[in-house]
Amino acid sequence: MEKLTIYVGLDVHKETIAVGLADEGKRGDVRVHGKIANTPAALTKLMNKLSQNGRDLKFCYEAGPCGYGIQRQLSAAGHECIVVAPSLIPIKAGDRIKTDRRDAINLAKLHRAGELTAVWIPDQAHEAVRDLVRARLVAVRSLRQARQQLSGFLLRHGRHYNRPAWTLLHRRWLAELQFEQPAHYLVLEDCIAVIEAATTRRDRLEAHIEAALP
């Protein structure tokens, strides 16, 4: 006797997962299973319940901020699970009503029809390097903002440096600036300290990325 395949659409959120089911075949039953907690224990309970009587389960969910932990848990348990690209999910014209349950059912139906595009699932080493790269991007943005803050402060007080900035010569020029108000020296020192800390953070992350690349 052949196994019945059930396509399982998961609409994943931080605290909950909405579950939609679609039995195999064009006229297979489509239904809402309900919501479960977004925890490994709740996911294990769902797998055990749906796989009763030897049913074959094929899961899918959208790529998003919750990462690939669900995919890894399902795969480790022996179930097929794809993570799909949200921008490539087919949308019917005029279908603007979105709820967690509707999204879960839609994912299950599209998965059954073979209309979903799966993304590449990085292993944990690749994902760790991605996180390093993201951290570096945040550090670069912080450094840029700190430099802009200092430039704005200097511009307000008529201090112009007409050479390439952020060099040793520029740093010496900053150290020699004169102000009438003592508070302005405090602001200048604070801006410089923030820039130096942001620069150190960026350089440290870049060194970690270079070490991880091999």
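Trainee: How much accessible surface does the protein chain have, and what share belongs to carbon and sulfur atoms?

Mentor: Accessible areas come from the Shrake-Rupley method with a 1.4 Å probe, and for residues only the protein chains shown count as cover. Here the surface of the protein chain comes to about 13700 Å², with 53% belonging to carbon and sulfur atoms. This is a predicted model, in which local features need pLDDT of at least 70 and side-chain atom pairs count only at pLDDT 80 or more, while totals for chains, interfaces and linings use all residues. Residues are numbered from 1 along each chain as its sequence is written, and side-chain values use heavy atoms, leaving out hydrogens and water.

Trainee: Which pattern does the protein chain follow along the sequence?

Mentor: Helices (H or I, at least four residues) and strands (E, at least two) are DSSP runs, numbered from the N terminus. The protein chain has six helices and five strands, in the order β-β-β-α-β-α-β-α-α-α-α. Its radius of gyration is 27 Å, well over the 17 Å that the globule rule gives for 214 residues, so the protein chain is more spread out than a compact globule. That radius is taken over C-alpha atoms, and the rule is 2.2 Å times the number of residues to the power 0.38. Along the principal axes, the C-alpha atoms fill a box of roughly 85 × 45 × 25 Å.

Trainee: What percentage of the residues is buried?

Mentor: Buried means under 20% relative accessible area, exposed over 50%, and partly exposed in between (1.4 Å probe, protein chains only). Buried residues make up 33% of the 214 in the protein chain.

Trainee: Against which strands do the buried residues of helix 3 pack?

Mentor: A contact means heavy atoms within 4.5 Å. The buried residues of helix 3, among them Ile-105, Leu-107, Ala-108 and Leu-110, pack against strand 1 (5-12), strand 2 (16-23), strand 3 (30-37), strand 4 (56-62) and strand 5 (80-84). After helix 3 comes Gly-114, with a positive phi near 70 degrees.

Trainee: Is Leu-21 buried or exposed?

Mentor: Leu-21, in strand 2, counts as buried because its relative accessibility is 3%. Leaving aside residues up to four places away in sequence, Leu-21 touches residues including Ile-6, Val-8, Arg-31, Leu-50 and Ala-108. Leu-21 and Arg-31 are ten residues apart along the chain, yet their C-alpha atoms are separated by 5.4 Å.
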